[in-house]
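Okay, thanks for having me.

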Amino acid sequence: MASIHLKNLGHRYPASGAESDNPYALNPLDQVWEDGGAYALLGPSGCGKTTLLNIISGLLRPSEGRVLFDGEDVTDLSTERRNIAQVFQFPVVYDTLTVAENLAFPLRNRGIDNATIEARVADTLSMLGLDARANERARSLNADDKQKISLGRGLVRTDVRAILFDEPLTVIDPHLKWQLRTELKKIHERFGHTMIYVTHDQTEALTFADKVVVMNAGSILQVGTPKELFDRPRHTFVGTFIGSPGMNVLSCTFDGTAAIVDGVRIALDEATLAAAQAQGLASTDAALEIGIRPESLQVIAADVNTANDTHCVNVEVVGVEDLGRHSLVRLRLGEQLLCALHPEGAGIPEAAALRIDPACTLLYADALLVEANNEPLLP
Amino acid sequence: MKVQNNKAWLMVLPMLLLVAISAIIPLMTVVNYSVQDTFGNNEFFWVGTEWFQEILASERFHNALQRTLLFSALILAIEIPLGIAIALAMPRRGIAVSFCLVLMALPLLIPWNVVGTIWQVFGRVDIGLLGHGLASLGIDYNYTQNTLDAWVTLIVMDVWHWTSLVVLLCYSGLVSIPEVYYQAARIDGASRWAIFRFIQLPKIKRVLLIAVLLRFMDSFMIYTEPFVVTGGGPGNSTTFLSIDLVQMAVGQFDLGPAAAMSLIYFLIILLLSWVFYTVMTSLDNDAAAEQGRH
């Protein structure tokens, strides 16, 4: 097992380049992933997460930068010499071999003696719950058992430094996804492999990983725990991508004391206010936005109290959707649309107001979070 | 209530007529000849299974059958492994792909008798590039006199003409293997041989069976090329079943024995094709059962 250091890593495919503005499939980045961590690479299709994964596993050579495992430079090492296991989107099994032979395959290729192979294979079979089917042909199994074999070929090796998953649950039935994910989690807790899990499904990422790496358009936008990503997304993309529905992002201006959305003042908390003032956002060209989670908005009846409360603003109700335990209330604030979650069964007042908690109101300049400890965002 | 409606027969009728004219009637004519004898004047006598017994007992038929089986076995033993090897070595992307495909397809486009003529001339000791070249190297090569030389010439010619078919079929099977299998194999540390044995061979198994079937049938029925190149000689050494049959039917005008031999020949091919078909469908059933479980 190993920590993984991606040092000034970037990749461009030879064919692309001149015609597109950004020649990089993967923008240069520098990341250290800890030994034994469970990481999820989360992002929409085509954001470069599979490219990054293939660079780590050695199936792809980065056009610049180095890959270090435990400080050792492995950029020029072949896939098999890196001792990586990878599970692909579609299960790969060797059709003509039995389940047990499939698991033994990577060990045999490495010239390990038969006694060791038998013991390791037996261990792995019981770990995956496939003992009963050990002598069946692998092609007779269903998709999720095949995917277990793909995983098993990684687990059977003792020298594996990291296990990489490339959207491994794509072809698995929904009710089995949850089960397989739980098993993965257990295996991770028991053996402590460094695991990197690529997915575009936020539920998968948030339940599997200790740290989620959110990517978009070839860049890593934020690395954090699921809670950090939810509470303090450092990029508006992270806010809108994570959460269902995603964060409300409203363009605004800043007058030095509050954010102003279409003439409506939205109060900010002290830390944000101080940071915004320090960065001189009252007089900037940067595009300013506020981000508020639908979960932290409260729809209440507009009355005299709300009119005098600086944390409340009047809104127009545009529509209501039933989400089961909650209703999704679509609202208009000034000219901009946003949504809020409202408990099921509670009536929606005709003249509505929103109570906005300043602590949950985040300010973004050019899509990046304005924070106290931030460097000035603009050069 | 059951509605009687015979219109469906009208729909089948054209096809029935076509099949009757193209297959059934000619075949029945042959059957007719095989059980009769004639002394000319369009007079025929019923002889029953006499011709069949004569053919099956004749050494001439046994020898021709053995030669044909040996020829087919050699052709399969050479063309199938060679075809796989060439398909594996062919490039997978880039302009080289089209170049290789065209190059491979070229021999397939040449008519049989032209192929025969090309090799007939090519191998001649007096003017042929191959024959003369070998002779000037001091190698005693003459396909018109030496049995081994005649066989080698025919086999090399067939390999040149038809290996491409095996190559193209195998290549189509190989390119349909998803890249992810090769990636997984690299991660599992598989050797080149292990990749072939456990990924490529299982995945091309079905096209390979088609290739084996086609090459078996074609080589078992080969006529034109040996007829043009060696004419069945030297002696009878390259007289395959088809050549023997034509000699009997056209050369000696023994219609009865020739008809009986045609039917036996036909039944042998039918039987062997059935064996291949059974093997292929049983493999397909395996695959279907696998699909059914998903």
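Housekeeping, in two sentences. Residues are numbered from 1 along each chain as its sequence is written, and chains are lettered from A and ligands numbered from 1 in the order in which they are written. This is a predicted model, so local features need pLDDT of at least 70 and side-chain atom pairs count only at pLDDT 80 or more, while totals for chains, interfaces and linings use all residues.

Let's start with chain A. Its C-alpha atoms fill a box of roughly 80 × 50 × 35 Å along the principal axes. There are 11 helices and 21 strands in chain A; helices here are DSSP runs of H or I with at least four residues, strands are runs of E with at least two, and both are numbered from the N terminus. Chain A has 379 residues, and 42% of them count as buried. Buried means 20 or more other C-beta atoms within 10 Å of the residue's own, exposed means 12 or fewer, and partly exposed is in between, with C-beta atoms placed from the backbone.

Chain A comes in two pieces, domain 1 (4-236) and domain 2 (246-369), with bounds from an automatic or database domain assignment. Their C-alpha centres lie 39 Å apart. How many residues are in contact between them? On the domain 1 side 5 residues are in contact with 9 residues of domain 2, where contact means C-beta atoms, placed from the backbone, within 7 Å. By class, that domain 1 side has 1 nonpolar, 2 polar and 2 charged residues. For the classes, Ala, Val, Leu, Ile, Met, Phe, Trp, Tyr, Cys and Pro are nonpolar, Asp, Glu, Lys and Arg are charged, and the others, Gly among them, are polar.

Now chain B. UniProt, in an unreviewed entry, puts "domain: ABC transmembrane type-1" at residues 65-276 of chain B. UniProt positions are in the numbering used here, feature names are shortened, and annotations may be inferred rather than shown by experiment. In the model, residues 65-276 of chain B are 76% helix and 0% strand, and the end C-alpha atoms sit 19 Å apart. The unreviewed UniProt entry also lists "transmembrane region" spans in chain B, including 95-114 and 159-182. Residues 95-114 of chain B are 70% helix and 0% strand, with end C-alpha atoms 30 Å apart. For residues 159-182 of chain B, the ends are 30 Å apart too, at 88% helix and 0% strand.

So where do the two chains meet? The contact takes 23 residues from chain A and 17 from chain B. On the chain A side, α2 (79-82), β6 (84-87), α3 (99-109) and α5 (143-155) each supply at least two residues. By class, that side has 11 nonpolar, 7 polar and 5 charged residues.

Let's zoom in on α3 of chain A. Is it mostly covered or mostly open? Mostly covered, with 8 of its 11 residues buried. Among them are Val99(A), Leu103(A), Phe105(A) and Leu107(A). Those buried residues pack against α4 (114-128) and α5 of chain A. Just after α3(A), Gly111(A) takes a positive phi of about 70 degrees.

Next, Ala162(A), which is in strand β7 (residues 162-166) of chain A. Why does Ala162(A) count as buried? Because Ala162(A) has 26 C-beta neighbours inside 10 Å. Leaving aside neighbours within four places in sequence, its contacts include Ile4(A), Ile84(A) and His193(A). Also, the C-alpha atoms of Ala162(A) and Gly36(A) are 8.3 Å apart, although 126 residues separate them along the chain.

Last stop, an open sheet of 5 strands in chain A, ordered β15-β19-β16-β17-β18 with antiparallel pairing; strands pair if DSSP finds at least two bridges between them. β15 (297-301) and β18 (336-343) of chain A are at the edges with a single partner strand each, so one side of each has no neighbour in the sheet.

Then β16(A) joins β17 (residues 326-333) through 6 bridges, and Asp322(A) stands opposite Ser327(A). That hairpin has 3 residues between the strands, and Gly324(A) takes a positive phi near 100 degrees there.

That's my tour, thanks.

Notes
Two residues are in contact if their C-beta atoms, placed from the backbone, lie within 7 Å.
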